[in-house]
Protein chains: 2
Amino acid sequence: MKNSAVGPLHRDCGSLHPQDEGTEVEIRGWVNSTRDHGGLIFVDVRDSSGIAQAVADPRTAPEAAAAASSLRSEDVVALRGAVRRRPTGTENPKLTSGDTEVALDSVSILNRSLTPPFPVHGEADVEEGLRLKYRYLDLRRPHMQRNLALRHRAIKAVRDYLDEQGFLEIETPMLIKQTPEGARDFLVPSRLHGGQFYALPQSPQLFKQLLMVAGFGRYFQIARCFRDEDARSDRQPEFTQIDLEMAFPTIEGVIAVVEGMLAHMFRQALAVDVGAPFRRLSHADAMARYGSDKPDLRFGMELIEVTPAFEGTQFKVFAAAVQAGESIVGVVDEGGAARSRRDFDALARVAAEWGAKGLAWIAFTPDGLKSSLPKAALETQTIDRLGALTHAKQGDAVLMVAAERTEARTLAGKMRLHLAAQNNLRDARRFEFCWVLDFPLFEINPEGGIGPMHHPFTAPAVGSESLPGDPLSLRAQHYDVVLNGSELGSGSIRIHDAALQRRIFAMLGYPEDEVAERFGFLLEALAFGAPPHGGMALGVDRIVQIMVGAESIREVIAFPKNQRFQDLMMQAPARVPKALLDELRLRVDLPPAPPVSQRS
Amino acid sequence: MKNSAVGPLHRDCGSLHPQDEGTEVEIRGWVNSTRDHGGLIFVDVRDSSGIAQAVADPRTAPEAAAAASSLRSEDVVALRGAVRRRPTGTENPKLTSGDTEVALDSVSILNRSLTPPFPVHGEADVEEGLRLKYRYLDLRRPHMQRNLALRHRAIKAVRDYLDEQGFLEIETPMLIKQTPEGARDFLVPSRLHGGQFYALPQSPQLFKQLLMVAGFGRYFQIARCFRDEDARSDRQPEFTQIDLEMAFPTIEGVIAVVEGMLAHMFRQALAVDVGAPFRRLSHADAMARYGSDKPDLRFGMELIEVTPAFEGTQFKVFAAAVQAGESIVGVVDEGGAARSRRDFDALARVAAEWGAKGLAWIAFTPDGLKSSLPKAALETQTIDRLGALTHAKQGDAVLMVAAERTEARTLAGKMRLHLAAQNNLRDARRFEFCWVLDFPLFEINPEGGIGPMHHPFTAPAVGSESLPGDPLSLRAQHYDVVLNGSELGSGSIRIHDAALQRRIFAMLGYPEDEVAERFGFLLEALAFGAPPHGGMALGVDRIVQIMVGAESIREVIAFPKNQRFQDLMMQAPARVPKALLDELRLRVDLPPAPPVSQRS
């Protein structure tokens, strides 16, 4: 095994071209495959640029041929020889170097490889646990190479754009103070200060506000953030965020910067024009039309409130719903009349899993109506009204749920997405952005009290700084940017007035001592000349995932954790020696194993 | 208090120019100062671009003048009016807008400020604890604005350069596995896996090696790293590193990339040409000539082994040293003969603090020799030999220490730096880079065993892969880049052969089960076709500190910890509620307070 020096002959595997004919080159990389064909040894070599074919002829280069015939997949080699055209008919148009081959003079084997646990070439479907354990092999596969290269280009484009716009990237600390906000903090014990803890940031929110107080007019950061949430299918305990903040902003100003940034990002990384300015929807409108505050606008299928069609209906379930002031919300499935009853039953089961009490459907078939509703409920008047409301045509079906209005909309919105997926309307190569605006400032939290809809630093709508009337009717200077049904980012104009910030904390029921303890430094900072300020945070992992059309954010992260937040390659988290914990003044206090027998 | 919209009139304070005369503008920022001068109210307003002067005339704009006269330092304002030239003789050439002023029409007070705890304008010397507690005010000061803007430009230049050179920035995880290497890991308890811990990375070392195994030919990352060291004067528990790695590298290849990167960085951020290629020194040469592996080359004053001058000396201390095989190492202090005896005594006390057994000196004054040595020791032969070795001229002094050779060099090297500082030779505006090469592979560790000089993944010198002979004589494929006496970065060609890596672990005395537990995944990865690879890591904080000529890295970090690793603004680390620790299955186990009385 020898370490070959980088020679001036070196060429990337993907760069060989018929014009190079006769040139002596060295290619280096991994053996993708070998084959013996009529006595000639063919070696396909792969590097991050592509694949090149090398051929050893035992008659003219016996040593090279002998070495080549010993090669196995994933061995690391440096091969030398002259470039020549492949014989006519043997070109491979799928490869950028597919018109050429290298006539081997010498083979250096730089490192041997064990047999990989799964094939590295090609795009075989491999169980994810195995991929994560051998991530360094998984990352050799062409689609993972492409994903991470695209991620690099996308983030580079963000930095170039924001730098051009006068933003400074400023690094904020990762060993910070534990705060009681939102999802849970990871804690970091201090050795120097036994019994005390830092926390890892869930976002640079407070620091970016402090940077505005500090007079940096335009700040950004590509920031690692941490959240010790209960593991969910597509979350990671650490994630990356584009974080930006501006002093003296307007919502229009922030929107213009973010649209420009996303447009630059998609142009540079994907050569896609995203068509800014984006559409805009109010939160109320998004909920009414799409049953979601992150609508997928790649297709229509807007929700329709069909309650009026069922006033005075014979159908007891709907009659009771109308009576109770509930809503009946429908969605038109174009061509859905062709579905079988079995198909509709399957949809009803899906809706039941989401918590729907039922799913009603009416199909307008060429042979007349088909429906889950009893015959008696299909009065002409009802059907006419329904047709007028939904514009359903012959061949379509209308699916309906009845529930409290927001719930009915949410359920119908989920059904809209489900039907769109079945009908192949969620085209991964289309990018439909929108802004959602005019969010409520507060919402009812799980404990039944008033909680911030996003975070307690969000400014109320202009003109409502005195917080008049019903708290739940207050609107926020908050805005989300949404792509294909995913929220990419969230932002707001912040509170810059210490007195207003105190009133908000009080409305949220935060005890005064907790406010002093946790947010004293923020309130103090606001009192020393805080400028008006606002900004946004966007999730990098999600944006890149949508760009490459991947199923999971794990496909665009080099070394992700699994769904149980474990690193399967390194085996983390893990137990640590007791001596380390002693230095941290910590003891692990696990519940005792269940008793095998009882002794007193 | 009203939130003014961004008007089209907005101009940065530092951008006003006599050509703008007559233009209506709005400037926004912080009140730097106000004064009442002959009935006119002058307001200096500051934003990140600079300072503008506004003038309110109570006769023509009574409302604006009344508002202006209520302003206090650090209030946040938006001011409108027409630009005009300042009257001749009142221009301020120190300000970019110093030829102009704004004749105030209106004053919007966007936020009031309490009286700051220290003056924000100017560069007053403020106690660091106070600066860190009110960091958001400290950061408003012009030199801190400049430092962070320069840091942004420097890091942007690194990214642009490496991107241009085909490097991909790839983010590696921060919640990793605890390893026993080097300084101490910060631990992060897992909630999902009670009793288990992640660790924060001290560097992305293992991940960048895995990315090479994964076939990414050129990787970099501007990476946050963490080290729970015992607090030292200019260390931070979190710091930022330029981390890069290349497959199929040579040392020359890495050096070329890093020199190009540093040159681009200094050109873009400072408009300084660093004069690549840098000088090169072997480790042995650096130790012999400068008594340091990070020599300051802004001045000469090379160390001289003067032992031969004292062979057969009458001076018992040196005679004993020569006898014992020790070295006498000298440094010439140009013009040092003018020092008083008291001055030399002070230098001797400093040397004693570093652990020197003594400091001998000989001054070549116009009136003959002056020396700490006894007269009898100053034989003509000795003085002649000393003069020939040191080239000391009349007016110079030679300072000498005797000790084991490496120790003598280290002590004399420290004296060299000390004298250079006294003689103002350490010019903060000069940048003298060098490479130090040919480091030893191993060193004696504090326990008396063999330890890696840098880390156990460093490849031995080409040709010594079989690890022949005395381990301490082995050289490493390791290289440091040094600027003005500070190590900026460290790198090496890594071991890519699993068998060699195992032999190195064994030589270092790592128990096999520990190797399997901690580095099993690395050894496995090397066995699946690891390419030859190598790279470097450079400290961003230190580079930027030297660029701006700051005393401490805390001057180039937005929110640093103090020397006890505390955030004085947020008050972190801090105690956390017991309920949080319960969820983590942890108990704090502080030693009991000293007993007041004894009870049984």
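**Interface between chains A and B**

A:Arg224 and B:Glu171 are joined by a salt bridge between their side chains, with N and O 3.9 Å apart. The model is predicted. In total, the rule finds 14 salt bridges across the interface of chain B and chain A. Polar contacts were also counted. Across this interface, 59 residue pairs are in polar contact, with both residues at pLDDT 80 or more. Helix H4 of chain B (residues 142–164) provides 11 residues to the side that touches chain A, the largest share. By class, that side of chain B holds 72 nonpolar residues. Another 31 are charged, and 24 are polar.

The extent of the interface was computed next. The size of an interface is often given as the accessible area lost when the parts come together. Between chain B and chain A, the buried area is about 11,400 Å². Carbon and sulfur atoms give 61% of this area. On the chain B side, B:Phe248, B:Phe528 and B:Met570 supply 7% of the area buried against chain A. In residue terms, 127 residues of chain B contact 127 residues of chain A.

The two chains also pair through strands. Strand E23 of chain A (residues 586–588) pairs with strand E23 of chain B (residues 586–588). The pairing is antiparallel and runs over three bridges. Within this pairing, A:Leu586 has B:Val588 of E23(B) as its bridge partner.

Definitions and conventions. Residues are numbered from 1 along each chain as its sequence is written. Chains are lettered from A and ligands numbered from 1 in the order in which they are written. This is a predicted model: local features need pLDDT of at least 70, side-chain atom pairs count only at pLDDT 80 or more; totals for chains, interfaces and linings use all residues. Side-chain values use heavy atoms; hydrogens and water are left out. Contact means heavy atoms within 4.5 Å. Buried area is the accessible area (1.4 Å probe) that two parts lose on being put together, summed over both. A salt bridge is a side-chain nitrogen of Lys or Arg within 4 Å of a carboxyl oxygen of Asp or Glu. A polar contact is a pair of N or O atoms within 3.5 Å; within protein, one must be able to donate a hydrogen and the other to accept it, and residues adjacent in sequence count only if both atoms are side-chain atoms. Helices (H or I, at least four residues) and strands (E, at least two) are DSSP runs, numbered from the N terminus. Ala, Val, Leu, Ile, Met, Phe, Trp, Tyr, Cys and Pro count as nonpolar, Asp, Glu, Lys and Arg as charged, and the others, Gly among them, as polar. Two strands pair if DSSP finds at least two bridges between them.
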